[in-house]
Amino acid sequence: MKNIITISREFGAGGGSIGRAVADRLGFYYCDKDVIMHSAMESSKLDRSDFLKYDEKVPFSFGFGQSLFDFYNKPLNESLFAAQKEAILKVGEKRNCVIVGRNANVVLKDFDNSLHIFITADKYFRIENLREKMPGVADDKIEEKMKSVDKARKKYCSFYTNTIFGDARYYDITLKSSSFGIKTCVDLIYNLAAGL
């Protein structure tokens, strides 16, 4: 039985929905950006506005950005990543969990009984999926947002983990939700985690 499941995903591929459904089915704790942010804020001197401003961004170069240095004398971006990493480690050490995003696959790569998943999907599936979450937004704007979020995730992943976002070498399995559908992805992950 795998007791830690991490899910990384392209924006709009359904990774959050898949992760929540897997957690519900296994009876595991579900942990996403909001949960990690709350936990990280409790253990650091960063506030919610810092998290929202610097989330998934690499540090500014020195210069005007130096005025943003925090009590550790590191850019807020780096303190944010360190606080999130600490929160992820605490979750992984204490309980059966499904963690979505936050480069948890790299943070928890040495943990036994872990399963690291990447969820991808074709563009049209992602746009259709995001229409529900972004009502009234034109498809071309949704596509721009998809590209922007994925680009930020790639840069963030590369900078902080020295790995490549979406590269199969850093995951146990990659699933294409546009080919299998959300339900089948949930079934596959459940079966892999349960050792079926």
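Reader: Which residues of H9 are buried?

Author: This is a predicted model, in which local features need pLDDT of at least 70 and side-chain atom pairs count only at pLDDT 80 or more, while totals for chains, interfaces and linings use all residues. Residues are numbered from 1 along each chain as its sequence is written, and side-chain values use heavy atoms, leaving out hydrogens and water. Helices (H or I, at least four residues) and strands (E, at least two) are DSSP runs numbered from the N terminus, and buried means under 20% relative accessible area, exposed over 50%, partly exposed in between (1.4 Å probe, protein chains only). On that basis the buried residues of H9 are Cys185, Val186, Ile189 and Ala193.

Reader: Within what arc do the buried residues of H9 fall?

Author: An α-helix has 3.6 residues a turn, so residues three or four places apart point the same way. The arc is taken from the directions between the helix axis and the C-beta atoms. Seen down the axis of H9, the buried residues line one face of the helix, because they fall within an arc of 100 degrees.

Reader: What covers the buried residues of H9?

Author: Contact means heavy atoms within 4.5 Å. The cover includes helix H1 (15-26), strand S4 (114-120), strand S5 (173-176), helix H8 (177-180) and S1.

Reader: Is Thr6 buried or exposed?

Author: Thr6 lies in strand S1 (residues 4-9). Its contacts, not counting residues up to four places away in sequence, include Ile99, Leu108 and Ile117. Because its relative accessibility is 1%, Thr6 counts as buried.

Reader: With which side chain does the side chain of Thr6 make a polar contact?

Author: A polar contact is a pair of N or O atoms within 3.5 Å; within protein, one must be able to donate a hydrogen and the other to accept it, and residues adjacent in sequence count only if both atoms are side-chain atoms. For the side chain of Thr6, at 2.7 Å, the partner is the side chain of His116.

Reader: How many aromatic pairs does a search of the whole structure find, and why is the pair of Phe81 and Tyr160 classed as it is?

Author: Rings of Phe, Tyr and Trp (its six-membered ring) pair if their centres lie within 6.5 Å; planes under 30 degrees apart count as stacked, over 60 as edge-to-face and the rest as tilted. The search finds six aromatic pairs. The ring centres of Phe81 and Tyr160 are 4.5 Å apart and their planes are at 15 degrees, so the pair is stacked.
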